[in-house]
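This report covers a model of two protein chains. Please have the sequence and the structure open while reading.

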Amino acid sequence: MPINPNQKLVENVLDLKTVEQAPTRKGFGEGLLEIGEKDPRVVGLCADLTESTQMYLFAKKFPDRFIEMGIGEQNMAVVASGLASVGKIPYITSYAMFSPGRNWEQIRTTICYNNVPVKIIGSHSGVSVGPDGATHQAIEDIAITRAIPNITVIAPCDMHEGKKAAIAAASIDGPVYIRYTREKTPILTTIDTPFEVGEAEVLFDSNLAARPLSSGPAAKSTIDIAIIGCGPLVHNALLAAGELEKEGIKVRVINNHTIKPMDEATIIQAAKDAGAIVTVEEHQVHGGMGSAIAEVLAKNYPVPIEFIGVQNRFGESGEPNELIEAFGMGVSHIKDAVKRVILRKK
Amino acid sequence: MAHLHDDDIKKLEEKANAIRQSILEMLIAAGSGHTAGPLGMTDIFTAFYFHILKHDPKNPLWEERDRLVLSNGHICPVQYATLAHAGYFPIEELNTLRKFGSRLQGHPHRGKLPGIETSSGPLGSGLGQAVGMAIGFRMDKKKNQVYCFMGDGEQDCGIVWESMMMAGKLKLDNLTTIIDRNNIQIDGMTEDIMPLENLRAKYEAFNWHVLEIDGHNMETIVNAVEEARAIYEKPVMIIAHTIPGKGVPEIEFDYRWHGNPPGKGPTDLIPAVEQGKRMLAELRTLGGRIKSEHQ
């Protein structure tokens, strides 16, 4: 199997019909509850969306450490900055469109410039928010956060990773943005899957099909393409890889959950081994994870890149999967991008 | 806070005068920056750092200290000068204001300079941070007082009213805010740009206790803060009526001096140094002679 056994993914990861599904935000709710129990400095703030951001679990358990902000995301950011400056670890939650969308300047000045440990939790990112339409579909949030110094930016691929990210954020001595999603998406990892902030993980590698990991790294890589994704679309990348391999194309899939700071070594190695890259994210292709990878590779090891993501347009209403297809982020689109970029290799 | 005697008032007024001199000197050296606001808030800053605040210049991160959040960061020359005179850092360093490599940034940066509790400049964000601090202290059952200084122009910002509503809701009695009611903002008089009155009624409608004082009278400043501490169940807003540019007749009351340093103001017909020297000479020496020019 080309699935990396060290990743301890679910066994039926490539079977869309049977793989379990849950929203990544569910992982946030559980993660905050767990870290809240362990660390009394953790406080929760929410802007009138306690249930849909999953903050309600924490609020119910720790009413004295939960602060209802009303519909005031700018105030939420600055109040959190004040709390952090007197020793608290505030998690602030709303839809990503409103936080870090509406309150970007307050996040920049009072959280990131002050360099205080506020954790910004943006749920409902991406077009897969669905029927609510473009006003509620944050597809610029990675770009606007990663441009700010001092902040860590994470986009978990599923519920388990979402939980691990929420917990890990508390031990980072600075601002963190974590991007969550509304819709149920495949649970591809398990509680045993490794997760370290800033370390990209190889989930799938065609080399592994021929060579067991224990025999050490291959002397010469034989992969044709590396697909680097973040967020729930990593699962589409895996499905595409499975199909491409059957067509004789050797693929590596990387879960690049931490967009800032980027795991440059893993990305550069992938470019060296494959000679071409496809990036996959549910975000504008301008300024997102793909752009961040292009920045790393342009400087260190330039190769052709195709960018799967939203192509310079606003979202719209529809069913989540329908929108993923309509916006060119489905499995077939990833496969097409792989074939296009392979032809561009020199 | 000890009771204020007549000789204490005299000392505070002399200190304020020295701080005003430093403000003018540092702005002249910088060649840019805001003049009117800092001169107008000098008496209040002096009263706080030399009488009211629980703080230790030699231990700026002392856990027991009161927190003073400056929301309108552009008046930082008065905070820098006051901090230096209080002993947080050498007075000579004031002349590095706005220069490359200086700890005295054009707008304050937390962590860079001792005594600065938060980075500020973009207006409206200080009150919410003070609210967050007050909530944090209340959660931990700590006695630290939180003070926030704001400008009147920044009341235009919507976020101020978000924070105001929340402080009223939570009845944050460990929070006292002083608003510098000097009636000017960069483009003109506040009542022409975006009318604020009836300001007192607005704050009261948000469930704040409101006091109004002469912001140049040491005794009323100190008494108002003492009164604020006696108010339970509500945050307190002290509307301090001040004269922008206080102490330099050429600058007083003129909104055109909001964002300019000596030498680059509206009456700029002579070189900066000459104009600055003249202003320094004009700076009225209160010297304890009177408690307030309004009396």
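The text below goes through the interface, the sheets, the salt bridges and some backbone details.

The model is predicted: local features need pLDDT of at least 70, side-chain atom pairs count only at pLDDT 80 or more, and totals for chains, interfaces and linings use all residues. Residues are numbered from 1 along each chain as its sequence is written, chains are lettered from A and ligands numbered from 1 in the order in which they are written, and side-chain values use heavy atoms, with hydrogens and water left out.

## Interface

Chain A brings 25 residues into contact with 24 residues of chain B, contact being heavy atoms within 4.5 Å. About 2,000 Å² is buried between chain A and chain B, and carbon and sulfur atoms give 58% of this area. Buried area here is the accessible area (1.4 Å probe) that two parts lose on being put together, summed over both.

Eight residue pairs are in polar contact across the interface of chain A and chain B, both residues being at pLDDT 80 or more. A polar contact is a pair of N or O atoms within 3.5 Å; within protein, one must be able to donate a hydrogen and the other to accept it, and residues adjacent in sequence count only if both atoms are side-chain atoms.

On the side of chain A that touches chain B, the elements giving two or more residues are strand 3 (66–68), helix 3 (73–85) and helix 4 (104–113) of chain A. Helices (H or I, at least four residues) and strands (E, at least two) are DSSP runs, numbered from the N terminus. Helix 3 of chain A gives the largest share of this side, nine residues.

## Salt bridges

A salt bridge is a side-chain nitrogen of Lys or Arg within 4 Å of a carboxyl oxygen of Asp or Glu. Over all chains the count is 30, and between chain A and chain B it is one. Two salt bridges are listed here.

| Residue pair | Closest N to O |
|---|---|
| Lys88(A) and Asp140(B) | 2.5 Å |

## Sheets

Two strands pair if DSSP finds at least two bridges between them. Chain A has an open sheet of seven strands in the order 3-2-4-5-7-6-12, with mixed pairing. Strand 3 and strand 12 (258–260) of chain A are the edge strands, each pairing on one side only. Strand 4 (residues 89–95) and strand 5 (residues 119–123) of chain A run parallel and are joined by five bridges; Thr93(A) stands opposite Ile121(A) in strand 5.

Chain B has an open sheet of five strands, ordered 1-2-3-7-6, with parallel pairing. Strand 1 (67–70) and strand 6 (209–214) of chain B are at the edges with a single partner strand each, so one side of each is left without a neighbour in the sheet. Strand 2 (residues 146–151) and strand 3 (residues 175–181) of chain B run parallel with six bridges between them; Gly151(B) has Asp180(B) in strand 3 as its bridge partner.

## Backbone details

Most residues other than glycine have a negative phi, and most peptide bonds are trans. Ser99(A) and Pro100(A) are joined by a cis peptide bond, with omega about 20°; Pro100(A) lies in the loop between strand 4 and helix 4 of chain A. Another cis peptide bond joins Glu197(B) and Asn198(B), with omega about 10°. Asn150(A) has a positive phi, near 80°.
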